[in-house]
Amino acid sequence: MRLTHVLPLALFVVVAIALGIGLTLNPRVIPSALIDKPVPEFALPPVDGKPDGLTAADLRTGDVAIVNIFASWCGPCRVEHPLLMEVARSGEVPVHGINYKDLPRNAVAWLNRFGDPYTRIGSDRDGRVSIDWGVYGVPETFVVDRNGRIAYKHVGPMMAEDMHQRILPLVRELQSK
Amino acid sequence: MRELLHRVGSCAAIMMIVCLTFSAETLAIGVDKPLADAALEARARAIHKQLRCLVCQNQAIDDSNADLARDLRVLVRERISLGESDQEVLDYVVGRYGDWVLLNPPFNIRTLALWISPVVLLLLGGVFAVVILRRQRNQPEAAPADLTPDEQARLKALLDDERGKS
């Protein structure tokens, strides 16, 4: 076998493997620029009819927290909602909400109907704070560590295995630090 | 003749509708309020064209209908009118969404393969072509093989035949 005979085949194999790996990646998942960075500075008012808004200071209290971006108009949010309820009931970690581009009365009606897992909810009517969080599609879920740094981001609805095999183990690890 | 005119007419109408529907201008500007200052607006539009829409991925935010793209267009206009430089505005968006949001990826360690692979492939192809061409040139044109005894006998017979005739 001469080099010139093997070379095209070798190149083909390398390119085919690279493209093959590329095909298995999910193009909708964009690496977050904010991992290991402090949460953005923000102060969101409460959703009308709910007591507590959400600010950056609420995420720097020394506790690990989950921050979930949701909206009443968002179908996939309903898919992951029971998982958030389950975590909230367990009391293991506070779950905060950012209500993205939603009408307060719709948000409140949604929470009354399906349950409210959130300790605090910030109302982001114009979506500007969510842009600071690098949000590009709801639902998105962040894990914030004790120092108010973003440790993890999940894009799209969480499935049971996302919550139980990734997010909660990470929360426990961060809590033990 | 009337029928032909009718056809041309409906064709033109359809083309107009298509043009109006798909023109980038109507898509991008139809919904947003441009900046009053034409120079600032031009800078904002230039930045819009460099930012990738996060929802519809292969479009710039300039020609995307997505809600988030519109929010980002507004944000870029706002920061431009606050007096920020183009680079500051781009850095602001990249700080939130990462290099991914730039349609023209920057040259750094993570994009090294992306940027240099065309050059590497071109070089490899060139080397390959040169090697093949050299080899072909160095091989002298092979002389035709000698005739086999059979063929020589047939040739001789044919020639003798010719001579016999003349």
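Chat about the sheet, the helices and the A–B contact

Q: Hi! In what order do the strands of the open sheet in chain A come?
A: There are 5 strands, in the order β5-β4-β3-β6-β7 of chain A, and the pairing is mixed. Strands here are DSSP runs of E with at least two residues, helices are runs of H or I with at least four, and both are numbered from the N terminus. Two strands pair if DSSP finds at least two bridges between them.

Q: Before we go on, what kind of model is this?
A: It is a predicted model: local features need pLDDT of at least 70, side-chain atom pairs count only at pLDDT 80 or more, and totals for chains, interfaces and linings use all residues. Residues are numbered from 1 along each chain as its sequence is written, with chains lettered from A and ligands numbered from 1 in the order in which they are written.

Q: Thanks! Which strands stand at the edges?
A: β5 (121–124) and β7 (150–155) of chain A; each has a single partner strand, so one side of each lacks a neighbour in the sheet.

Q: How does β6 of chain A pair with β3?
A: β3 (residues 65–70) and β6 (residues 140–144) of chain A are antiparallel, with 5 bridges. A:Val67 has A:Phe142 as its bridge partner, while A:Ile66 stands opposite A:Val143.

Q: And how many bridges join β6(A) to β7(A)?
A: 5 bridges, again with the strands running antiparallel. A:Phe142 has A:Lys153 as its bridge partner in β7(A). Their hairpin has 5 residues between the strands, and A:Gly148 there takes a positive phi near 75 degrees.

Q: Switching topic, how many residues of chain A are in contact with chain B?
A: 13 residues of chain A are in contact with 14 residues of chain B, where contact means C-beta atoms, placed from the backbone, within 7 Å. On the chain A side, α1 (3–24) and α4 (128–132) each supply at least two residues.

Q: Last one: what about α7 in chain B?
A: Helix α7(B) is hardly covered, with 0 buried residues among its 17.

Methods: A residue is buried if 20 or more other C-beta atoms lie within 10 Å of its own, exposed if 12 or fewer, and partly exposed in between; C-beta atoms are placed from the backbone. Two residues are in contact if their C-beta atoms, placed from the backbone, lie within 7 Å.
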